[in-house]
Amino acid sequence: MNSNANLSANPIDARALGKVAVLLGGFSAEREVSLMSGQGVLAALQRSGVDAHAFDPAERELWQLKGQGFARAFITLHGRFGEDGTVQGALELMGIPYTGPGVLSSSLSMDKIMSKRVWRAEGLPTPDWRQVRSGAETEAALAALGAPMIVKPAREGSTIGLSKISHASECAQAYALAAQCDPEVLCEQYIAGDEVTVALLGQGAAAQALPLIRIQVPGGNYDYEHKYFSDETQYLIPSGLPAAEEAAIQRLALQAYQSLDCRGWSRVDVMIDAATRRPYLLELNSSPGMTGHSLVPMAARAVGLSYEALCLQVLASASLDNPLPTALPGTGIRSAGQAQ
């Protein structure tokens, strides 16, 4: 791993990438952010000479992608029905290469409970947790995990439906808020300390971690407003952490990325315990934000990769988990992923 490597060493022929759909908007609670991400990516690709077009699955049938001759899809959908393996599976069936992790990797990454199980099995540190199904179980989790405690939907992002609680009297309301977003609710041990995020590009042994970004928010409340709209949030890059500590967190983020078999790009969020300086994995975002406040473009700029170059590189990495054969064995029938 070398975050200072030349990430765009090989020139990319924008015209050779074909007709590109920028998937944006969608059905999730993060639709507003997805629209901002998608419009930014669309404009950047068009400036680079890519034949790119906006495509909102909430307004058009996804299957139109095949009939309209799209050769690739740049996924800027966030949350469920976009970042959770569902769209990835549809694109697999249509034979349209797409950006970011594949079907299983996306599904595991979106489900915070499942990703934590994988990380724990791999020996990677993540805060202790409980899956709960009621306010009463949330109270039991608070007793087991201690206060304060985080209550959040297992399959949402952008801190939507998240509560930080310290008293049993808050459990029922926190559970109800999270359950409105997702029937799977996660209670998580709260780690007090520095919050950092790590952007990752590439696949397998060639994957690279970019420089850390340390996040400082007034009052320590990095909520939806502070993520996307507030100018009060500070993003420190260089992070100001000791070089050895930053390198160790980059290695941890890379392990987290590889353990979920991610490819293309992602972003890993990490908390550093203030007392022990031990880092804990919070979650992996397999379709990172690309808005004016987003963190992956910020980290890319720190290694000399512009927004346009980042978008082009991610698009060039678009691929499929299982490219379909030209003809289905023993049938003489051409696959859905092949031109008719």
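Strands β12 and β13 (residues 279-285) run antiparallel to each other and pair over 6 bridges; strands here are DSSP E runs of at least two residues and helices are H or I runs of at least four, numbered from the N terminus, and two strands pair if DSSP finds at least two bridges between them. This is a predicted model, in which local features need pLDDT of at least 70 and side-chain atom pairs count only at pLDDT 80 or more, while totals for chains, interfaces and linings use all residues. Residues are numbered from 1 along each chain as its sequence is written, and side-chain values use heavy atoms, with hydrogens and water left out.

- Opposite I272 stands P279 of β13.
- β12 also pairs with strand β8 (residues 193-201), in the antiparallel sense and over 9 bridges.
- Within that part of the fold, L201 has W265 of β12 as its bridge partner.
- Is β12 (residues 265-273) enclosed or open? Of its 9 residues, 9 are buried, so the strand is largely enclosed by the rest of the structure; buried means under 20% relative accessible area, exposed over 50%, and partly exposed in between, using a 1.4 Å probe and protein chains only.
- Both faces of the strand are covered: W265, R267, D269, M271 and D273 are buried on one side, and S266, V268, V270 and I272 on the other.

**Aromatic rings**

- How many aromatic pairs does a search of the whole structure find? There are 2 aromatic pairs, where rings of Phe, Tyr and Trp (its six-membered ring) pair if their centres lie within 6.5 Å, with planes under 30 degrees apart counted as stacked, over 60 as edge-to-face and the rest as tilted.
- One of them joins F55 and F70, whose ring centres are 6.3 Å apart and whose planes meet at 85°, so the pair is edge-to-face.
- F55 belongs to strand β2 (residues 51-55) and F70 to the loop between α2 (64-67) and β3 (72-75), so this pair ties together parts that are 15 residues apart in sequence.
- F55 and F70 are both buried.
- F74 and W265 have ring centres 5.9 Å apart and planes at 80°, so they too form an edge-to-face pair.
- Because F74 lies in strand β3 and W265 in strand β12, the pair ties together parts that are 191 residues apart in sequence.
- F74 is buried at a relative accessible area of 0%, and W265 counts as buried at 1%.
- The charged end of K19 sits over the ring of F70, 4.5 Å from its centre; the criterion is NZ of Lys or CZ of Arg within 6 Å of the ring centre and within 35 degrees of the ring normal.

**Helix α4**

- S105, S106, L108, S109 and M110 are the buried residues of helix α4 (residues 103-110).
- These buried residues pack against α3 (86-94), α5 (112-121) and β13, with contact meaning heavy atoms within 4.5 Å.

**The chain as a whole**

- The chain has 11 helices and 13 strands, and 54% of its 340 residues count as buried.
- Among contacts between residues at least 6 apart in sequence, 68% join residues at least 24 apart.
- The average pLDDT is 91, and 89% of the residues score at least 70; pLDDT is the predictor's confidence in each residue, from 0 to 100.
- Over residues 1-6 the pLDDT is below 50, and this stretch has 14 contacts in the model beyond near neighbours in sequence.
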